[in-house]
Amino acid sequence: MRRSGVLPALCALVVAAAGCGGDGGSKAPDDPVARVPSGLQEKVRAARAPHPSEFPAASGKTLQALADQIGGGPEMGLAGSVFLAGRENRVAFGVIDSNAGFVYGKTALYVARAPHAPARGPYVAPADVLVTDPPYRSQQAATEADPFAAVYAAQVPFERPGNHSLLAVTLVGGKPVAAASRIKVIRPADDQIPEVGERAPNVQTDTVASAGGDVEAIDTRRPTSDMHGDFSKLVGTKPVALLFATPQLCQSRVCGPVVDEALQLRARYGDRIAFIHQEVYTDNDPNKGLRKPLQEFQLRSEPWLFVVGKDGRITARLEGSFGLAAFERALKTAL
Amino acid sequence: MTQRARLAVLAACALGALAPAPPAADAHGLVQRTNLPIPEWLFGWAAALVLVVSFAALALLWPRPRLQEPAWRPLPGALGRVLGGRVVEALCGAIGVALLAVVIVAGYEGGGSSLDNLAPTFILIDFWVGLVFVSALLGDVFRVFSPWRAIRLPGIRPYPERWGRYPAALALLGFTWVELVSGWGDVPGELTNAAVAYTVYTLAMQAVFGTEAWSRGGEAFAVYFNLFSRLSVWERRDGVLGVRPPLSGLPRLDAPPGTVLFVAVMIGTVTFDGFSQGRLWKDLSVDLAGAIDGIVGLDAAPKVVGTLGLLAGVLVVGGFYRLGIDGARSVGGELDAGTLRRAFVHALVPIATVYVAAHYLTFLLFEGQATFYLASDPLGRGWDVFGTASRAIDYTYVSQNGSWYLQVAFVVAGHVAALALAHDRALALYPDARLAVRSQYWMLAVMVGFTSLALWLLAQATA
């Protein structure tokens, strides 16, 4: 009987340690770049803070003239497909070298209606880190042979619809290298996807119960997550982050570990925002088409994030790859 | 139903399980084995062949019982007395209590998901799976680290003998239900509620029946890990640590009421866990849940189906064992079924061990690494107490093929061990060695069935 007092005493000690451990104990670094492989940290850190003055001025030159002046080499991989005229757009992309490796460096974007039209820019494209803390890293992300540690994103205004040419310029060892691409800008009226400010479609997203208990049927992440609430029941009760993504069946290298990011940010915002992950393909088979919630949102690509305020209106939407910083900014629009 | 007719039914069930493993189910998982030198079904046949050869070798080369009266030698000098002494026991008990306290605090105060909270990883991986390996290798470690046994209570009434191990079997079934069926088995708060409830229940039972008596028959984890520890060469007797021949702890297992059920729960729940990861069960369970969701509700339907599946797993394993016993009884020897069931139940423990070892090996090797970063930051608050918070899970240090070979090796070795134990017991039980061998024909069929089932489940889970 003498030892029966041990349990409460130890509990008290542990509780006390829990209460004050943050003061005296070591703290894990809160720097997102610290999660990036050590060999890349310096480059990624620099790539997060580009300044327009570090890039050539467009000063009336055509995009082609800029490209000729700088010299090419890498390729540009776009991480989005929907761009609207008459507003500022997030243009996310990766710069990829001839060995399919990501080119890290300070990066900016130039745009023009055509290669021989006058260029606008530079629009700086800070690197946004894609690597999550270890607890939130999926098996897919952990076993990726050559994962992208970051994605670039610039805020670019497009005045009119139509084709546009892009030139990404990255400073590698102080020297610029350029990569080109093209996009199609559409009129907002032609965009069927719910826009910021609109009421989100009241879709029923897949739940473990609706899948008959088979969570792997509605989640290709490994291990599966528990972010499978029903959007139609949650919307209007609290802000919701609705993420359409398929970790296993992602069609490009720049779709990023967005579900991992959602899990990490849920740890910080989960008490104020409901997080829902909706898989993309019917029966997780790309040949069977998109699941119903994506059809109701008129989506044709993945991943997509919609942040919906408590009033049911969309406060932010992100397409393609997005890092933790962009994800967090989007979440804050609903708070 | 006559015994002959019952045997026919049971044999039909067994033949279904003995059939060659089908090709892998629809590929839908992330990690799949590639480039195996021979197909998976051939592994099944090879494993069965190993058992048959082992059986023949046992019949020829093992003519007398060897494990029934095992030798035990204390460790030399004062080492055995120190390691098995009360000081070490008290220290380990205090560590066990402290760990339980840490897990409870983490469960309630830490992050809201299993990803950033120590409690689920500690309970479901380190404790539930890791301690099986530790027990089989190092002996009854849990007996000295148990936080509940550390609190010694004399009790106020004797433990009812007729209860035997039934309370432990039911508690074990309850734990596996929480883990596999509840849907909240890895939610830190809910799982911690269950741990606290179990702690309160255990301490209350210890207060009534005494700590030692309850640990022997009622405390599920004490019984569970003790059974695995009987495979180990390490044994503590009268406060002294010593060594014994491998496996020789099992023939000394007493078999009060509920022991067969307990072992059937051990194997049956792992069987269900493996089966539930395959396409066959997933399709079936979705259909069944769809059929009853109008009656019990959409949320409850998968749990009802899962509960039935879990119970079916236990029944199937119990049926297998009964088949072997009824078959052994049919060869003669004047031994009743109850005597035979109790006499051979210890032979199922190696099978339970390899079912756990094979089924949860990659779970322990990979997801178990989460312990490193969670130990540094058990509450998910950004701490780095041990400097391991940034150590991520390495999924590459054991290949999928490598883990498959290990799993197959576990399964075969465990079943050969089970055959040896059953053979040794039969030699001691039957007056005639030829009768003893004949009684084991049925046990061989049961072992081959269990082996095929184990390999088929592994193939299902990783298909």
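Close-up 1. Welcome to a predicted model, in which local features need pLDDT of at least 70 and side-chain atom pairs count only at pLDDT 80 or more, while totals for chains, interfaces and linings use all residues. Residues are numbered from 1 along each chain as its sequence is written, chains are lettered from A and ligands numbered from 1 in the order in which they are written, and side-chain values use heavy atoms, leaving out hydrogens and water. Look for Ala100(A) in the loop between strand E3 (87-96) and strand E4 (106-112) of chain A; helices (H or I, at least four residues) and strands (E, at least two) are DSSP runs, numbered from the N terminus.

**Close-up 2. Asp283(A), an exposed residue with positive phi.** Here phi is near 55°, again in a residue other than glycine. Asp283(A) sits in the loop between strand E11 (274-278) and H7 of chain A, and its relative accessibility of 53% makes it exposed. Most residues other than glycine have a negative phi, and most peptide bonds are trans.

**Close-up 3. Two cis peptide bonds in chain A.** One joins Gly121(A) to Pro122(A), with omega about 0°; Pro122(A) belongs to strand E5 (residues 120-124). The other links Glu302(A) and Pro303(A), also with omega about 0°. Pro303(A) lies in the loop between helix H7 (292-296) and strand E12 (304-308).

**Close-up 4. Two buried residues, Ser225(A) and Asp214(A).** Ser225(A) is found in the loop between strand E9 (175-186) and helix H5 (231-234) of chain A, and its relative accessibility is 7%. A polar atom of the Ser225(A) side chain lies 3.2 Å from the backbone nitrogen of Met227(A). Leaving aside neighbours within four places in sequence, Ser225(A) is in contact (heavy atoms within 4.5 Å) with Val215(A), Asp219(A), Leu263(A) and His277(A). Asp214(A) also lies in the loop between E9 and H5 of chain A, with 6% relative accessibility. With neighbours within four places in sequence again set aside, Asp214(A) touches Val208(A) along with Arg279(B), Lys282(B) and Val286(B).

**Close-up 5. Helices H5(B) and H15(B) pack together.** H5 (residues 118-138) and H15 (residues 349-365) of chain B meet at an angle of about 130°, their axes 10 Å apart; axes are lines fitted to C-alpha atoms, for helices over the stretch in contact, and angles run from 0 to 180 degrees between N-to-C directions. The pair is therefore oblique, the class left over once angles under 35 degrees count as roughly parallel, over 145 as roughly antiparallel and 65 to 115 as roughly perpendicular. Contributors to the contact include Leu124(B), Ile125(B) and Phe133(B) of H5(B), and Val356(B), Tyr360(B) and Leu364(B) of H15(B).

**Close-up 6. Helices H7(B) and H13(B) cross.** The axes of H7 (residues 166-180) and H13 (residues 300-330) of chain B come within 11 Å and cross at roughly 135°, so H7(B) is oblique to H13(B). On the H7(B) side, the contact is made by Leu173(B), Thr176(B), Trp177(B) and Leu180(B). H13(B) supplies Thr307(B), Leu310(B), Leu311(B) and Val314(B).

Technical notes
Buried < 20%, exposed > 50% of the residue type's maximum accessible area, 1.4 Å probe, protein only. Polar contact = N/O pair within 3.5 Å; in protein donor to acceptor, adjacent residues only side chain to side chain.
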